Amino acid sequence: MDLFGGAISVTGITFLVCMGFEIIFFGYLLGRIRIKGVSLGAAGVFIVALLFGVLYSTEIGQTVTQTVAGEKIDISLNTLKVIETTGLVLFIGAVGLIAGPSFIRGSKKNFKSFALIGLVVTAAGVLATVICYFVGRGAGGNEQEFVAAMSGVMSGALTSAAAMSSAQSAVATVATGSGSSLSVADAEAIVSVGYGVTYMFGVIGTVLFVQIIPRMSKANMEEERAKIRLTDTSQCMAKKKRFEVEPKGLCVLAFVLVIGILLGSFRIPLTPSGYNGATFSLTATGGVLLTALIVGHFGHIGPIDANLSQNTMTTIRELGLVLFLVGSGVAGGMKLIQYFKLIYFFYGVVITVLPMVVGFLFAKHVLKMSLLNNLGSIAGGMTSTPALGALINEAETDDVASAYAATYPIALISVVICSQFLVLLLS
């Protein structure tokens, strides 16, 4: 990007970094706009990132490059993936460490309910996908392509990158079979298309849902916060003095992220092909969340103190969230126009909205769950990081993260498994 006749020239990674901060600035301004008390919050960053991705896709691809053997290679998507993943693990790590001290006590009482919500939300999402599949089936086009696209549509609508990766493994397995009309590369690309088209509404829809419901029900937020407030009577007791590496807790956070990423990378084979076939893993998100909750609960790593500064963790949580939204939003915007199909978007709306409504009503009327625990479990059931951020701001308490953290692993595992079986059954 050249300004003032070349007097200012911003190119390469510097261009991407500069654009990222522009997105954050304008995104927060957009997120502050309130309509009847509802705002996008940090999700405004995602919308602006999508717009930048659409408008500057060519320039990003041309300027964020690496020279190999004298030839320039576009590395923009890989670079954006680094930003997205870095932001995601920072956000999840901070959330887990903040929620850890109250997680065991909070989830022990309601764990069965949270697990049920995760399963109900996933089941409703799969059911909605199957309905959309049979509605759109036979409308023309390749049947195998449509199955691959719908698996991506479901993954995006439920905002699960892990499900998309799992679906890609399944369609690749189908594509290697005899009589397949698609190559492995084409099948995987089609899954990405469906994911990209529906992910935008999946993110925005869940963010708005957790804000609109309290207003529709005219909830007294102070009373709702009191219902989920967790107090630790042992805090008044003298604590064992432990070694403090540095006061802000960044060293402990780094340890949590390393162990969590390793744990999330552990793969379990799901087919006789072993590690060459479809596998299941918690992914970096699930591994980091689990590790952070455990470390946050115990408050130490051996002799090292892990009772971290809440102000620092809150700042890192917000920074991680916006980095995640910038990386995923720009990458999605770069491919949005190229692969957009309007019907996929409408399928995505159904698959996003139906599970949230079913899950909310089930939690409210069957499980008799309090409002904030209900919405926290819906955010976890939808595996939606931005929705958790919006709910924390809406509820003005980090205690909602306990419901999210208890529901998230169940939802993650179930949607990953279902995305694979859905492809295999419909193919």
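Select helix 1 (residues 12-31) together with helix 2 (residues 43-55): the two pack at an angle of about 130°, and their axes are 7 Å apart. Helices here are DSSP runs of H or I with at least four residues, strands are runs of E with at least two, and both are numbered from the N terminus. Each axis is a line fitted to C-alpha atoms, for helices over the stretch in contact, and angles run from 0 to 180 degrees between N-to-C directions. Helix 1 and helix 2 are therefore oblique to each other; angles under 35 degrees count as roughly parallel, over 145 as roughly antiparallel, 65 to 115 as roughly perpendicular, and the rest as oblique. The crossing of helix 1 past helix 2 is right-handed, a term used if the near helix is turned clockwise from the far one by less than a right angle, with anticlockwise giving left-handed.

The model is predicted: local features need pLDDT of at least 70, side-chain atom pairs count only at pLDDT 80 or more, and totals for chains, interfaces and linings use all residues. Residues are numbered from 1 along each chain as its sequence is written, and side-chain values use heavy atoms, with hydrogens and water left out.

Which residues of helix 1 and helix 2 meet? On the side of helix 1, show M19, E22, I23, I24, F26, G27, Y28, L30 and G31; on the side of helix 2, show G44, V45, I47, V48, A49 and F52. By class, this contact of helix 1 with helix 2 holds 11 nonpolar, 3 polar and 1 charged residues. Contact means heavy atoms within 4.5 Å. Ala, Val, Leu, Ile, Met, Phe, Trp, Tyr, Cys and Pro count as nonpolar, Asp, Glu, Lys and Arg as charged, and the others, Gly among them, as polar.

Next, display the whole protein. Its secondary structure comes to 15 helices and 10 strands. Of its 427 residues, 52% count as buried; buried means under 20% relative accessible area, exposed over 50%, and partly exposed in between, with a 1.4 Å probe and protein chains only. Among contacts between residues at least 6 apart in sequence, 78% join residues at least 24 apart.

Move to E145 in helix 5 (residues 143-157). E145 is partly exposed, with a relative accessible area of 26%.

Then select Q211 in helix 7 (residues 184-216). Is Q211 buried or exposed? Its relative accessibility is 4%, so Q211 counts as buried. A polar atom of the Q211 side chain lies 3.3 Å from the backbone oxygen of V207.

Continue to K218, in the loop between helix 7 and helix 8. K218 is exposed, with a relative accessible area of 75%. Although K218 is not a glycine, it has a positive phi of about 50°.

Select helix 8 (residues 221-228) and helix 13 (residues 371-381), which pack at an angle of about 75° with their axes 8 Å apart. Helix 8 and helix 13 are therefore roughly perpendicular to each other. In this pair, M221, E224, R225 and I228 of helix 8 meet L371, L372 and N373 of helix 13. The contact of helix 8 with helix 13 divides into 4 nonpolar, 1 polar and 2 charged residues.

The loop between helix 13 and helix 14 holds T383. Phi of T383 is near 45°, a positive value in a residue other than glycine. At 8% relative accessibility, T383 counts as buried. Leaving aside neighbours within four places in sequence, T383 is in contact with L158, T159, S160, Y404, Y408, A411 and L412.

Finally, select helix 14 (residues 385-395) and helix 15 (residues 400-426), which pack at an angle of about 160° with their axes 9 Å apart. Helix 14 and helix 15 are therefore roughly antiparallel to each other, and helix 14 passes helix 15 in a right-handed crossing. Show T385, L388, L391, I392 and A395 of helix 14 with V400, A401 and Y404 of helix 15, which make the contact. By class, the residues of the contact of helix 14 with helix 15 are 7 nonpolar, 1 polar and no charged.

Methods
Polar contact = N/O pair within 3.5 Å; in protein donor to acceptor, adjacent residues only side chain to side chain.
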